[in-house]
Amino acid sequence: MSFFDYLLLWLHIAFAIFAIGPVTVAASYTPRFIRAKDVGVLRFLNRTTRVFGLLTIGVFLFGLALGRAALAKPYLSVSMTLFIVGAVLLVMIERDQRTAIRVLSSETPEDDAKVQTGRIAMLGGIMALIWLIILVLMVWFNPTS
């Protein structure tokens, strides 16, 4: 591997750790604070999801640049497809977070954001599982490992 490839690998791993980790944690903590009706923390979690969700694009782009010679390999195709599915789930989670904030900020007592609680918990769990599957694909099937 050249210096440039090592740099891309380092950036790919760094973005994975520092972007995917926080966005997964923010999504997993959201249902707890919806149930607690803590709108201040929900706003923070929503901002965290949005910012770190955008940073996850770096994981995809650096991975794409790193695997440029082997993009036809099945493990990379599956990983990229799963990543896109995870990104779509992340957009849905962020949307549900905004909805929960809006509902809990209203004065109507019957709105308690229970729908968003369940959906965010489910989507967040699926998203975390997708990230783990991608990790397994990258470590297990990567011929350089």
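This is a predicted model: local features need pLDDT of at least 70, side-chain atom pairs count only at pLDDT 80 or more; totals for chains, interfaces and linings use all residues.
**Entry 1: H1 against H3**

I then looked up the handedness, and H1 passes H3 in a left-handed crossing. Next I listed who makes the contact. From H1 I noted Ile-20, Val-23, Ala-26, Ala-27, Thr-30 and Ile-34. From H3 I noted Phe-83, Leu-90, Ile-93, Gln-97, Ala-100 and Leu-104. How do these residues divide into nonpolar, polar and charged? I count ten nonpolar, two polar and no charged.

**Entry 2: the whole chain**

I stepped back to the chain. I find four helices and zero strands. Read from the N terminus, the elements run α-α-α-α. The C-alpha atoms fill a box of roughly 60 × 25 × 15 Å along the principal axes. The chain has 145 residues, and 37% of them count as buried. I also checked contacts between residues at least 6 apart in sequence. Of these, 77% join residues at least 24 apart.

**Entry 3: H4**

I turned to H4, residues 114-140. H4 has 27 residues and reaches 39 Å from first C-alpha to last. That is close to the 39 Å expected at 1.5 Å a residue. Which residues of H4 are buried? My list reads Gln-116, Thr-117, Ile-120, Leu-123, Gly-124, Met-127, Ile-130, Trp-131, Ile-134 and Leu-137.

**Entry 4: aromatic rings**

I searched for aromatic pairs and found four in the structure. One of these pairs is Trp-140 with Phe-141. Their ring centres are 6.1 Å apart and their planes stand at 20°, so I logged the pair as stacked. The cut-off for stacked is under 30 degrees between planes. Is Trp-140 buried or exposed? Trp-140 is exposed, at a relative accessible area of 67%. Phe-141 is partly exposed, at 48%. I also noted a cluster formed by Phe-60, Phe-83 and Trp-131. Two of its members had come up already: Phe-83 in the contact of H1 with H3, and Trp-131 among the buried residues of H4.

**Entry 5: Ser-79**

I picked Ser-79, which sits in H3. Its relative accessibility is 6%, so Ser-79 counts as buried; the cut-off is under 20%. What does Ser-79 touch, leaving aside neighbours within four places in sequence? I found Ile-134, Leu-137 and Met-138. Ile-134 and Leu-137 are also on my list of buried H4 residues. Ser-79 and Val-136 are 57 residues apart in sequence and 9.6 Å apart in space, C-alpha to C-alpha.

**Entry 6: Asp-5 and Arg-68**

I went to Asp-5, found in H1. Asp-5 is buried, with a relative accessible area of 15%. Not counting residues up to four places away in sequence, Asp-5 touches Leu-66 and Arg-68.

Arg-68 counts as partly exposed at 46% relative accessibility. With neighbours within four places in sequence left aside, Arg-68 is in contact with Phe-4, Asp-5 and Leu-8. How far is Arg-68 from Ile-20? They are 48 residues apart in sequence and 22 Å apart in space, C-alpha to C-alpha.

**Entry 7: Leu-7**

I looked up Leu-7, also placed in H1. Leu-7 is partly exposed, with a relative accessible area of 35%. I then took its distance to Met-92. The pair is 85 residues apart in sequence and 32 Å apart in space, C-alpha to C-alpha.

**Entry 8: Lys-37**

My last stop was Lys-37. Where is Lys-37 found? Lys-37 is in the loop between H1 and H2 (39-66). Its phi is near 55°, a positive value in a residue other than glycine. Lys-37 is partly exposed, at a relative accessible area of 48%.

Key
Residues are numbered from 1 along each chain as its sequence is written. Side-chain values use heavy atoms; hydrogens and water are left out. The expected span of a helix is 1.5 Å times one less than its number of residues. Buried means under 20% relative accessible area, exposed over 50%, partly exposed in between (1.4 Å probe, protein chains only). A crossing is left-handed if the near helix is turned anticlockwise from the far one by less than a right angle, and right-handed if clockwise. Contact means heavy atoms within 4.5 Å. Ala, Val, Leu, Ile, Met, Phe, Trp, Tyr, Cys and Pro count as nonpolar, Asp, Glu, Lys and Arg as charged, and the others, Gly among them, as polar. Rings of Phe, Tyr and Trp (its six-membered ring) pair if their centres lie within 6.5 Å; planes under 30 degrees apart count as stacked, over 60 as edge-to-face and the rest as tilted.
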